[in-house]
Amino acid sequence: MEDILIIGGGIIGSLIAYQCSKFHCNVTLLDKENDIANETTMANSAIIHAGYDPEEYTMKARMNVRGARLYASLCRELKVDYKQVGSLVLARNEEELNTLRKLAQRAKKRGINTEILNRSELLMQEKNLSDEVIYGLRCPQTAIVTPWKVAIAAIETAMANQVKCELNQEVIAIEKMEDGFLVKTQEKEYRAQMVINCAGLHADDVHEMACGTRDFEILPRRGEYFVLSKDCAHFVNHVLYPCPTEAGKGVLVVPTVHGNILLGPNAENINEKENVDTTKNGLEYIRESVGHLVKNVPWGEVIHSFSGLRPASDRNDFIIEESRVKDFIDVAGIESPGLASAPAIAEYVFENFIEPKFHFSKRLYFSHRQKNIEIAKCSDADKKMYIEHNPRYGEIVCRCEQISVQEIVNCIKRNCGARSVVAVKKRVRPGMGKCQGGFCEPMVVKILAETLGISPLEVDYNKKNSPVLLAKKGEDE
Amino acid sequence: MKHVDCCIIGGGSAAISCAISARKFGVQNICIIEREAELGGILNQCIHNGFGLHIFKKECTGPEYAELMIEELSKYNIEILLSTTVLSIGVDKHVQAVNSQNGLIDIMTDAIVLASGCMERNRGAISIPGSRCSGVFTAGSAQRYLNMDGYLCGKKVFILGSGDIGLIMARRMTLEGAEVLGVAEIQPYSNGLNRNIVQCLDDFDIPLYLSTTVTKIIGEKRIERIELSKVDENLKPIAGTQREIEVDCLLLSIGLIPDITCLNRLPVEKDARTHSVIVNECNEMTLPGFFACGNALQVHDLVDYASMEGEATGRQVAYYLQEGFVQCEPRKVKAGENISYVVPQRLRIDNIRSDCKFSFRVKKPMKNCVLRIMADDQCIKEIKKRYALPAEMETINLEKEILRNEWQTLHFEMREVYE
């Protein structure tokens, strides 16, 4: 019997698992995918919003403000990138300027620094602003991270501290037993005293399995994005937001931790929970909308487009509560600012539901995660040392991002190791550059096959059963 | 720190020709840096015929062409670093590279030649809407999987783009037992060499759909279907013309772009039209002593032409190292009407020995046309052509004599003549 079973390995589930792993407890995390952080956490704006945007008296506001404050130290603990680049909310007329003033007041109340800048002050910070922009609200606290890397680092650390993580386990039934829950997947059964529902887009379905009722509905909202190559690294320096409206934060221009630029998202309510297609209309809408924020967009440098689903709910706020079934905790409807709120949500869930029930004792020996060796970022002396120690650090696979064979092997061999081409890409970035894997993907497939001891034909591109290759040459069916 | 006279980045046909010619013209210390375990570059995965007609006066396969080149190179005792990746190049001509045997390698050189080939445009570049399932490849990676690693990446294949690699792969995958359902080209004309259309599509009854493109990729895990649409004269999909085709693989052959990743941090001027560097009559970039040739400078139709450009560049490297170039304000060369680009983009007349070779492409297929080369307002050369195609690079040699006069800008333009 487990103490706690966490369903869903996105940023929320991962950080709750990480929080638990600091204590003596039995925790298992399940995910239906073949990798951690493969849905919403994999496809979003990657921003730690400072927290002035959500309405007063909402869980969103409370979690966002606290979460944003926890991030810098969390990323230090997890040894992942965190960059406080600051943000500008841009206004194009007097009415929007009023909105900026309201946001500034709200920010002040929440202890967040902001200042309103006029056009000439703005231009000193950002040279590619659209001619329409007349004022901007600058907030130095806004930061950027790589969301899936935060989740993966959290799970890796949790696993190093006795948390179990089982992938490819889609929950199909949950039974309330006298002493806890029986949770069934296609292959296995798990027993636990407490179940935490972090199933993201499927949180309403999982809730229904346990409670028999749909007490809330997840309403997927799709957002599409363009990615610009690293050649555009300084196209913008801040996160740029348009003035927020009823419809949300709008289409943004976002620098990423790795020096790319994200343009997006649009917001489209759709009925399918797995539909992460990009669309002609969606992408066109983004092209038009970013023109209100910036000019001279280097469209020729688009290297990728993708879409993600935000798990919005019909309650319009985060749902973080014990359900009608005792010890079944819902953490649902975590749409924007979910990423920014995640550490606060994990802390809240632990303090309000886990700690009062179990009173776990703190681990005296907590294993911290070993940082990945990244050859491209090493000093010359370190490069020499690593290559001398293991020559495979000197064999570069990905020329765009300068990634060696050994870095890929390492990410496969780690405790929550990569099992697909995309999982490798998430961890060490081959295929994230300009050639988009044109040169390195065949090598990555080969290294995955060799390291896992499987045939290249068994290597998946992303999800389970998404093979890269279909047949060996010269062999009939 | 090791010191050489000339460091050549890349080990394909242009690089090898450049090394040989530089040596023939007296450059002593030459070093070639190649990423792969053997020289030859992309030739090694091009196991089809049709290479070498111009250089070797016979028809070779890619690996055969490479072998002939490598054999020739081996006579010259030129240093070759294999399985070695260049990490950075400094303005001071400090090249840092890495391999598993020597670890970090620091080389100071007097001349650098970028001959690092090109890369394929991919799905990201044209933002095809739809699912991000597996089964979408560039034609070149499919070629690598098949010819180098021995795996087929699809059995029911559709190809977007009529670039040469796509056409070659249509035939290749058919011969390996895959079913190639068709090739779609967004332009109203094909982008491949005519001989490839005939030998790779027509001979195998593979249909070529012009003015057609893929407007959606459908599939949950692996690609299951694609949506094809006809496009109008502005290349926009026409509503109502969509149809779906069942496939398990989509290959993209939508163009090549020079791979100049190595130059990332260098202050060299670039040409948005070639997606490469701007060079002068010596194939020298806007930084003295930095040269470019082969597909890294402009994408060639035939490997023979890349070799020739390498050879010419090797000679210039020798001149640069031995005598230096005459420094004078370079004049500009520009692509005018119906011309998509011209290389070189800069001219310093005094460095031209007898004549200067220009390469360019037209923007659209043209018939009965006239190429005019204008020195400011004055036409210095006029050539009638029966036809010109974007898929075929045009070259012209201009003698120093006719370039000598006073002018600011040289314009290349192509116009159809109506009789």
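**Exercise 1. Work out how many residue pairs are in polar contact between domain 1 and domain 3 of chain B, and what kinds of residue domain 1 brings.**

Step 1. In this predicted model, 16 residue pairs, both at pLDDT 80 or more, are in polar contact between domain 1 of chain B and domain 3 of chain B. A polar contact is a pair of N or O atoms within 3.5 Å; within protein, one must be able to donate a hydrogen and the other to accept it, and residues adjacent in sequence count only if both atoms are side-chain atoms.

Step 2. Sort the domain 1 side that touches domain 3 in chain B by class: eight nonpolar, four polar and seven charged residues. Here Ala, Val, Leu, Ile, Met, Phe, Trp, Tyr, Cys and Pro count as nonpolar, Asp, Glu, Lys and Arg as charged, and the others, Gly among them, as polar.

Step 3. Now look for salt bridges (a side-chain nitrogen of Lys or Arg within 4 Å of a carboxyl oxygen of Asp or Glu). The rule finds five across this interface of domain 1 and domain 3 of chain B.

A note on ground rules: local features need pLDDT of at least 70, side-chain atom pairs count only at pLDDT 80 or more, and totals for chains, interfaces and linings use all residues. Residues are numbered from 1 along each chain as its sequence is written, chains are lettered from A in the order in which they are written, and side-chain values use heavy atoms, with hydrogens and water left out.

**Exercise 2. Find the area buried between domain 1 and domain 3 of chain B, and the residues of domain 1 that lose the most.**

Step 1. Buried area is the accessible area (1.4 Å probe) that two parts lose on being put together, summed over both. Between domain 1 and domain 3 of chain B that comes to about 1,700 Å², with carbon and sulfur atoms giving 45%.

Step 2. On the domain 1 side of chain B, Arg273(B), Glu281(B) and Gln298(B) lose the most area to domain 3, together 36% of what that side buries.

**Exercise 3. Describe the interface of chain B and chain A.**

Step 1. Start with area: about 4,200 Å² is buried between chain B and chain A, and carbon and sulfur atoms give 56% of it.

Step 2. Next, charges: the rule finds one salt bridge across the interface of chain B and chain A. Asp259(B) forms a salt bridge with Arg399(A), the closest N and O atoms being 3.1 Å apart.
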